[in-house]
There are 2 protein chains.
Amino acid sequence: MKVVALSGGVGGARLCDGLAAALSPEDLTIIVNTGDDFVHWGLTICPDLDTVMYTLAGLAHPEQGWGLAGETFHALAMVERYGGPAWFRLGDRDLGTHLMRAQALAAGRSLTDVTDALRRALGVGPRLLPMSDAPRPTLIDTPDSTLSFQDWLVGQRGAPRVERVRFTGPPRPAAGVVAAIDAADVVILPPSNPYVSIDPILALDGVRAAVARRPVIAVSPIVGGRAVKGPLAPMIESLAGLPPSPAAIAAHYGALLTAMVIERGDDAPAGVATLATATVMGDRADRARLAREILDLARRLP
Amino acid sequence: MKVVALSGGVGGARLCDGLAAALSPEDLTIIVNTGDDFVHWGLTICPDLDTVMYTLAGLAHPEQGWGLAGETFHALAMVERYGGPAWFRLGDRDLGTHLMRAQALAAGRSLTDVTDALRRALGVGPRLLPMSDAPRPTLIDTPDSTLSFQDWLVGQRGAPRVERVRFTGPPRPAAGVVAAIDAADVVILPPSNPYVSIDPILALDGVRAAVARRPVIAVSPIVGGRAVKGPLAPMIESLAGLPPSPAAIAAHYGALLTAMVIERGDDAPAGVATLATATVMGDRADRARLAREILDLARRLP
C-alpha cells in the first residue's frame, strides 16, 4: 500500500514516525508544511520539516517533540550577549542543520533537494517532501495586526485571537507533491492543526483536487475537547465558531474525508466512517501501533 | 600616551590584553589583520579579530588562546553527520558571533561598524579596527600549489613550505586606520607573525608610510630560536633564508623599528635599541606587566 501523509510539526511527526515503522520506506511519502518557515539569524528555518526529520531519525526531544534531544543553547546565549534576537530558541545541534541548509539554498539547490540530502544523511528512509520550494509564508490576522506565523506562535505565544489565516507567495507545490498524492492508495491527515499545518498544503495548486481523488483518513487532533498540542482549540472557536471536537475537524475537511480516527470515548462525527482508538501517541512503539490501526482501516475502506 | 597596536591572533591578542589593562580605553587602538578571514558554512569568519576580541573580553580559551573558554562543538558534530566540512572547528558560542556578524554584513554594514558593535557588547574598551573592510585574502604559495591561508594553516596544518605570501583584493585600509596611526605616540608590533599577521596590515595603502612616521616598538615572536606559537620559524628560514632569531625579525622590519623587545638571554639584534625581559606571556597580570615595560620603554624613546 502506497501512503502519503501530509504533516505539520509534532503530532504529524509522531504519526509519521509510526507510519515509517509500519511501512517500507518506498511506500511512504511525507509532504510537510513549509508555511511556518522563516528566516532567522540569516538562516532559513523550516520548523515542521525539521521536526518530522528529527522525529523519524530518532533524534527529537522526547517530551517537547520539536528540537533535538540533549540540545544545548550556547550560540543563543552568545547572540543574547550581543543583543541579538533570542525569542526563537535555536539550539546548537539544530544550527548545524540550518547552516547546511542555508548554504545549499544559497548555492541554488531547491528546498526539496536539500531536504532529501539532509534526511538521507540522518538515516530517514521515507521521502520527505516540502510542500513548496518557494517561500509560502502563513500570515495570521489578529484583531490588532497581521503577524507572521512564528511571531504569532512563538513571539506572542499563540495568544492573539486568530481572525483569519492567510497563505502568501506563489501557490506552487514542489515537484513531486501532486504525483505522490496521485500514486497513493490512501492519504493520511495526521493530528496536525488543520488551519495552519494541513490547509497550507491543501491550498497549493492542484493539491486539494488530487487529495479529493484518493481515500483520505484524518486523525483528530482534538481529544476530550482539547487540542493534544498547540493553539488549535481557540482557533476552532474563532475561525469555525464551533466548540473544539472531532466533529469540528470533520466539518473542516468536509467532503475530502473518507474516514476519521478519533479518541476512544469522544463523540463520533456524523456522516463519516470512524475508528475510535487510543490516539494520543506515546513512545515509538505506541506510534507504530496507531499507524498499524490506521493502515488496517485503510485496507478495509470500500 | 596614545598607542596603536597592530595585531594578528594569539600572541598579539595577549599583548593587547596587557596594553588594555595598562592604558585608558581611549588611548589604545588595535588594528587587526583580516587577511586570514574567510567564508565557512556561509559565514564570514574573522579569526584574528575574534581572538583579540575574546581575549580582551576575558572569554578566550586560556591555553589554546583562540576560541572561547568552555566551548562546545555540537553544531559541528551535526554538520559532520550531514557530511559537511568539519576541518575548521567552529564552536557553538563562537557561531553566535559569526551569525551576528554575517547578518550585519548582509544588511550592508561595514566590518568596522560590526566589529565595533560586537566588541562593545562584550565590554571591550579599546577600539578594535579591522585593517580593511573589503576582503583582502592572504594566499600562500607552496611548492605544489597556492593555498588560501586557512587551507594552509588549518587544512594542511601549516606543513607545506611557504615560498611566497601574497595579499589579494583591494589594498584599501578601513576608515580610521591611517588616522589612528597618525595620532599615535607609539606603534607597537606585538609578537605576531610578521609575514602573515603584520605585513598584511603594513601592505595596505599608506599604512607602512604612516607607521614609519611614528616611533615603533616590536616584540620578538622568536624566543630561544623558536616561535612562541605557530608556524613562524620555518617561514623565516624559507622566506628570509635566516635562522629564526630576534635579528631575523629586526631585519624583516628594517628601518621601521625604533626599538625591539626580546626575551632575556636571547641575542640582541644589531643596530636597534633593545629591551630584554620576559616576553612569553602567562596570565593577564603577566601580560599587563609586559605591556607596562613596553610603555615605559616607549616613554623613554628619544
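## Close-up views of a predicted two-chain model

**View 1. Strands E6 and E7 of chain A lie side by side.** Strand E6, residues 138–141 of chain A, is joined to E7(A) by three bridges, and these two strands run antiparallel.

View 2. Is H8(A) mostly covered or mostly uncovered? Mostly covered: eight of its nine residues are buried. Among the buried residues you can look for Pro194(A), Tyr195(A), Ile198(A) and Pro200(A). Asp199(A) and Ser197(A) are buried as well.

**View 3. Strand E2 of chain A is enclosed.** Here we move to another strand, E2, residues 28–32 of chain A. Five of its five residues are buried, so the strand is largely enclosed by the rest of the structure. Both faces of E2(A) are covered: one side carries Leu28(A), Ile30(A) and Val32(A), and the other carries Thr29(A) and Ile31(A). Strand E1, residues 3–7 of chain A, is joined to E2(A) by five bridges, and these two strands run parallel. One pair to look for is Ser7(A) with its bridge partner Val32(A) in E2(A).

**View 4. Chain A as a whole gives the setting for these details.** How many helices and strands does chain A have? Its secondary structure comes to twelve helices and 14 strands. The radius of gyration of chain A is 18 Å, close to the 19 Å that the globule rule gives for 302 residues, so the chain is as compact as a globular protein of that length. Along its principal axes, the C-alpha trace spans about 60 × 45 × 35 Å. Of the 302 residues of chain A, 49% count as buried. Among contacts in chain A with a separation of 6 or more, 65% are between residues 24 or more positions apart.

View 5. The contact takes 24 residues from chain B and 24 residues from chain A. On the chain B side, the elements that give two or more residues are helix H3 (74–81), helix H4 (92–106) and helix H5 (111–121) of chain B. Which of these gives the most? H4(B) does, with ten residues. By type, the residues on this side of chain B divide into 13 nonpolar, eight polar and three charged.

**View 6. A rotation brings one chain onto the other.** Chain B is superposed on chain A by a rotation of 180° with 0.0 Å of shift along its axis (RMSD 0.0 Å). The two copies are thus related as by a two-fold rotation axis. In chain B, the C-alpha nearest the axis belongs to Asp92(B), 3.0 Å from it. The same surface serves both copies, with 100% of the contact residues of chain B recurring in chain A.

Terms used: Residues numbered from 1 in each chain as written. Chains lettered and ligands numbered in written order. Predicted model: local features only at pLDDT ≥ 70, side-chain atom pairs only at ≥ 80, totals over all residues. Helix = DSSP H or I, 4+ residues; strand = E, 2+ residues; numbered from the N terminus. Rg over C-alpha atoms; globule rule 2.2 N^0.38 Å. Buried ≥ 20, exposed ≤ 12 C-beta atoms within 10 Å, placed from the backbone. Contact = placed C-beta atoms within 7 Å. Pairing = 2+ DSSP bridges. Nonpolar A, V, L, I, M, F, W, Y, C, P; charged D, E, K, R; others polar. Least-squares fit on C-alpha atoms with pLDDT ≥ 70 in both.
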